[in-house]
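Hi,

Here is the structure I promised to pass on.

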Amino acid sequence: RRRHPWVASLECPFTLYDGWRFDEGVCRQALLHHFSVTTLAGYGCEGLPLAIRAAGVLVQYLREHQPAALAQLTRLATYSTERYMTLDLPTRRNLELTQTLRERSVKGSLLGILDLTLTPMGGRLLHRWINQPLLDREALERRLTAVELGVQHTARRLALRTLLRGLGDLERLTNRVVQGIAGPRDLLGLQSALQRVHELAALVAHLVSEATLTGLEEIYPFGAPLDSCPEAVELIRRALVDDPPATLSNGGVIRPGYSPELDEIASSTAQAKRWVAGLERAERERTGIKSLKVGFNKVFGYYIEVTQANAEAVPPDYIRKQTLVNAERYITPELKEKEALILNAAERTQELEVTLFRQLLQTLGAMAPR
């Protein structure tokens, strides 16, 4: 296919898509189907065919190549580029907004000089601000007022930075939860981040209440209250052990008391193991065979071993399992029953923990917008 002249300047991977994919009707239907609506009027793009085509093609592409990512697209927002200064690619390069001309490095660029952010979310926001300079003077003044607020209250600002420093990437963690690919430790990171958000909210409230500036309720970003989602924090605390493994493959993720069914399996297994542990002593007393042993191997499972010299003392309820040079190995129906319970418990526990964890991700994923 003929390559458009601007493709070479993209400096990123690209995919050529068939022309029919960009048809407005096809794109509109893709958006209506994804958002389960009958009209796009509520999204502000009903009269913007190019916007519909752009968004619709993205939805089609994700549906075909990365369907799990579609779960993150819960809303469609339309904005006007008239709010921002238009900067073409040569202008961005020459101004060295986000990277230098020679080394193509962030260090030495405008972003490199200004970026004192402490979280990945803050870094992405600053990058977006630099690439989209505002034209709205009122909005610019609000940003400057917010900066002034931080400058006036050094102690509060430093306290905010201390909390932000260990916050982590809340956006990324939330997206992993929505996609259903988050692991147990991701959820601990989410829990820790939300707990810091709770502290941040209190600190910001104190900062605003002490300020001498006017119109603080309109200042971005302090105008909107921070939601620390305490329900999510409590749910993760109840569901997961304090130090879970990185993956679900070996179990040991769900906290005792969270699932009655899982607790019942654990209790039954513990009882069976205690019974097996006491079996050797009990059988020695019952049979009078002092050398009797209870053992286990991966091929035959649990067994009772009796030497050939004591073969005549073997009880009639023993079932011969294996013959050795100087001994015989036996099982009993009750031993076999306990063995099945113990061995099946591990598999059943693993399956149940995976199910419970996926349900946990679904519940937390529903809180993603908050």
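The charged end of Arg329 sits over the ring of Tyr303, 4.1 Å from its centre. Over the face of Trp129 you will find Arg143, 3.8 Å from the ring centre. For a charge to sit over a ring, NZ of Lys or CZ of Arg has to be within 6 Å of the ring centre and within 35 degrees of the ring normal.

Before you go further: this is a predicted model, where local features need pLDDT of at least 70 and side-chain atom pairs count only at pLDDT 80 or more, while totals for chains, interfaces and linings use all residues. Residues are numbered from 1 along each chain as its sequence is written, and side-chain values use heavy atoms, with hydrogens and water left out.

Now the aromatic rings. Rings of Phe, Tyr and Trp (its six-membered ring) pair if their centres lie within 6.5 Å; planes under 30 degrees apart are stacked, over 60 edge-to-face, and the rest tilted. That rule gives four aromatic pairs. One of them is Phe35 with Tyr43, a tilted pair at 5.1 Å centre to centre with 40 degrees between the planes. Phe296 and Tyr302 have ring centres 4.7 Å apart and planes at 55 degrees, so this pair is tilted.

How covered are these rings? Buried means under 20% relative accessible area, exposed over 50%, and partly exposed in between (1.4 Å probe, protein chains only). Phe35 is buried at 12%, and Tyr43 is buried at 18%. In the other pair, Tyr302 is buried at 16%, whereas Phe296 is partly exposed at 40%.

Next, two loop residues. Ser259 is in the loop between α10 (230-239) and α11 (260-277); helices here are DSSP runs (H or I, at least four residues; strands are E, at least two), numbered from the N terminus. Ser259 is buried, with a relative accessible area of 6%. Leaving out residues up to four places away in sequence, Ser259 touches Leu352 and Leu356, contact being heavy atoms within 4.5 Å.

Thr98 lies in the loop between α3 (89-95) and α4. Beyond its neighbours within four places in sequence, Thr98 has contacts that include Ser105, Val106, His127 and Asn131. Thr98 and Arg185 are 87 residues apart in sequence and 33 Å apart in space, C-alpha to C-alpha.

Last one: Ile113 is in helix α4 (residues 110-114) and is exposed, with a relative accessible area of 62%.

Cheers
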